[in-house]
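I opened the model today to look up a few local features. My notes follow in the order in which I made them.

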Amino acid sequence: MDFFETILAPFRWLVSWIMFMFHEGFTFLGMDPASGWTWVLSIVGLVVVIRAALIPVFVKQIKAQRGMQALQPDLRKLQQKYKGKTDQLSRQAMTQEQMALYKKHGTNPFAACLPILIQMPFFFALFTVLNGISRASEEGTEIGALSPESVRQFDDATIFGAPLSSTFLGSFGANWNASVVILSVIMIIAMTASQFITQKQIMAKNMSEEAMQSPFMRQQKIMLYILPLVFGIGGINFPIGVLVYWTTTNIWTMAQQFYVIRRMPTPGSPAAKAFAERRAKKGLPTVQLLGERKTEPAIEAVPEPRGQRVQPRKKRKKR
Amino acid sequence: MSRVAISVLAFVVGLPRLAAIGFLIAYRKVVSPLYGPVCRFYPSCSAYALEAVTVHGFVRGVWFASRRLVRCNPWNDGGVDHVPAGSRVFPDGKTPSIVVLNHPVIPADDESRPAA
């Protein structure tokens, strides 16, 4: 646990510092520093900063995905070539050819997961900051760059009479608070809806026919129905501040996806067709889409071991 | 007497290489299988290191292997990356298996079976 905390600490500091700066900025512009709206806007500002900073990562991820899609036919050819050859040398030869293939398409399954990993500490830090406000306020401690006073102010801040640090589940019984319940429900619905729309958009418009038939698609469909459940369960447990963050980031994802579908659709998808038609209507020349296979005849690139003597095959031992 | 001394010396000088080979083989047998193929390169880093040490000896081998480990970072796209050829010559049929495995003969494409 301590080790985990040590890793998270700098991220938490950065995240809380950005939020604090936004809060200072809004106060400077004349907003009430103790108002819940100032803090809500600070959270929104934080989301905007983080998501904007992650755009290059997102683009890299799309590129990797498109690359993986583009090399599927080649990969199948390769699997066909080595079908039934199970001896170690053939497996090695296949692995080598596969690696050369990834390189040719500028992608690598082991590189594609990096963008996801990079985001993890940020989101986790953010979550612990927003989620820990209540306790830190009680204990009078600071969180990252937020001073104890700021923490208390944040903890006391309300919107529509709902404290930012209160949760749906904690607002029943003795400390019944209708506005917390209503706000939570609204945000859970908004979160789920934006997530659902994003996924639906991707599946309906931005997938090539090839990808539609892959087993990956089934997984996507399952996700479509599981994620709302996750939001629902998470939503009733998390404070309003976390929900604000979550809703904003989901809406950002939706907007980003809309942009991608409109301006850089997946080759071979309905969105790509619509994109080409729009361009044709305006009399613009067609453009190469991100991750599109080049139409020029493919040169047979059998990877030659560069500058390496050919190793003799191991001879079968006589029995 | 001097002959014995020379062979003893040769053995002692060759010890680090043997130790490194032993360590790498043990690593590849015990640790590698735990997390499957995760390398962005071919051959994988441990296979590369084993071949480098086998072919180039301890000092140069470790040097090549460390350079490969540095190359194995998120900003590298990976691909096929062989150990540079060494001067060590192995007698026919006695090529170490790691060298054979790292340089498989790629069958020509026209050998492929017709699509089923």
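How many aromatic pairs does the structure hold over all chains? I found four. The model is a predicted one, so I read the values below as computed from it.

**Entry 1, aromatic pairs.** I began with Trp37(A) and Phe160(A), whose ring centres are 5.2 Å apart with the planes at 85°. An angle over 60 degrees counts as edge-to-face, so I logged the pair under that heading. I then looked up where the two residues sit. Trp37(A) is in helix α2 (residues 36–53) of chain A, while Phe160(A) is in the loop between β1 (158–159) and β2 (162–163) of chain A. The pair therefore ties together parts that are 123 residues apart in sequence. Trp37(A) is partly exposed, with a relative accessible area of 40%. Phe160(A) has 60% relative accessibility and counts as exposed.

Next I took Phe238(A) and Trp246(A). Their ring centres are 5.8 Å apart and their planes are at 40°, so this pair is tilted. Is Trp246(A) buried or exposed? I noted it as buried, at 19% relative accessibility; the cut-off for buried is under 20%.

Ser194(A) counts as buried because its relative accessibility is 4%, and the limit is 20%. Which residues does Ser194(A) contact, leaving aside neighbours within four places in sequence? I listed Asn250(A), Ile251(A) and Met254(A).

Which residues of α1(B) are buried? I wrote down Arg17(B), Ala20(B), Ile21(B) and Leu24(B). An α-helix has 3.6 residues a turn, so residues three or four places apart point the same way. I then checked what covers the buried residues of α1(B), and found that the cover includes α3 and α4 (58–71) of chain B.

Most peptide bonds are trans. I marked the bond from Tyr42(B) to Pro43(B) as cis, with omega near -10°. Where is Pro43(B) placed? I located Pro43(B) in the loop between β1 (41–42) and α3 (45–56) of chain B.

Technical notes
Residues are numbered from 1 along each chain as its sequence is written. Chains are lettered from A and ligands numbered from 1 in the order in which they are written. This is a predicted model: local features need pLDDT of at least 70, side-chain atom pairs count only at pLDDT 80 or more; totals for chains, interfaces and linings use all residues. Side-chain values use heavy atoms; hydrogens and water are left out. Buried means under 20% relative accessible area, exposed over 50%, partly exposed in between (1.4 Å probe, protein chains only). Contact means heavy atoms within 4.5 Å. Helices (H or I, at least four residues) and strands (E, at least two) are DSSP runs, numbered from the N terminus. Rings of Phe, Tyr and Trp (its six-membered ring) pair if their centres lie within 6.5 Å; planes under 30 degrees apart count as stacked, over 60 as edge-to-face and the rest as tilted.
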